[in-house]
Amino acid sequence: MDIKKKFLHGDLEEEIYMQEPEEFVKKGQENLVCRLRKSLNGLKQAPRQWYRKFNSLMIDHGYHKMQVDHYVFVTKFDKGDFLILLLYVDDMMIVGRDPKKIGSLKEALTKSFTMKDMGPAKQILGMHIVRNRTKKLLWLSREKYMTKVLQSFSMADAKPIGSTLPTNCKLSGKQSPKTKADKVEMIKIPYASTLGSLMYAMVCTRPDIGYAVGVVSRFMSNLGREHWAAVKWILRYLNSTPIVCLWFNSGKPLLEGFTDLYMPADVDTSWSTYGYVMTYVGGVVSWQSRLQKSVALSTTEAEYMAVVKTS
């Protein structure tokens, strides 16, 4: 579902004034201002007040928000039935087993907000949802997004490769530009915007590029040619794997976790990199790759540290 004019629903707690729109200004009253009674788009308070309004409504209907993600609301019924509502600004997804309960929730929300029913979810936040209801399979794909990213950075025709980083890739701060001329040259490179696009893909559906994106992100403030070459290498990898996506089935409801580390991964600090992947019903639901915050004295110590962080 889509909520229309979401920021206009918030209730203001502060006393806020605004200048009158030009078409409302009367002659001789040019210095008058208007006191806002409701939230408006553009106010710093608007997103917060909108969330408070929505959160209050969901609590009144018997839902509680998840502590790990305050934009996920859950309620349980008899016999193990449930409803889950996911909110992202003004986009909303409702998950449940009983269509009647979903319909009741939609009616309750429509009474409070102006909403548009988008029907069964096929796409949300740039992720394409594909279902096979007969075999109870589901895929989350960002193929269109990846194609758009490759085209925007002129990498759609780049030679595909099969790895996220070159073999024995060792990036460090020593490869950053030393002269003013080199720094000026590197400023022109869209390093930050490229990394932003890669991070968005990684966070949503591409855990396979998590380690590589983490490595190149360390040189955001002072990038060199080798760092930019590594970023383009990741884009070439994505060019060879645009259809890779998350896959979920209807197997046993088992939560499993896997962790590993690379020691030492960072040339400048000698910190190891650890990562983990969590799967539920055979599908990946959580993943991370990041540096440990201390130097391990042995591989065994680093592995114990990785397990502790994962748990």
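**View 1. The side chain of E15 makes a polar contact with the side chain of Y17, at 2.5 Å.** A polar contact here is a pair of N or O atoms within 3.5 Å; within protein, one must be able to donate a hydrogen and the other to accept it, and residues adjacent in sequence count only if both atoms are side-chain atoms. This is a predicted model, in which local features need pLDDT of at least 70 and side-chain atom pairs count only at pLDDT 80 or more, while totals for chains, interfaces and linings use all residues. Residues are numbered from 1 along each chain as its sequence is written, and side-chain values use heavy atoms, with hydrogens and water left out. You will find E15 in the loop between β1 (2–3) and β2 (17–19); strands are DSSP runs of E, at least two residues, and helices runs of H or I, at least four, numbered from the N terminus.

**View 2. S172 sits in the loop between α3 (143–152) and α4 (180–187).** S172 is buried, with a relative accessible area of 7% (buried means under 20%, with a 1.4 Å probe and protein chains only). Setting aside neighbours within four places in sequence, S172 is in contact with F219, H227, V267 and D268 (contact means heavy atoms within 4.5 Å).

**View 3. Helix α5 (residues 191–204) packs with helix α7 (residues 225–240) at an angle of about 35°, their axes 11 Å apart.** Axes are lines fitted to C-alpha atoms over the stretch in contact, and angles run from 0 to 180 degrees between N-to-C directions. From α5 come Y191, T194, L195 and L198, which meet H227, W228, V231, I234, L235 and L238 of α7.

Methods
Buried < 20%, exposed > 50% of the residue type's maximum accessible area, 1.4 Å probe, protein only.
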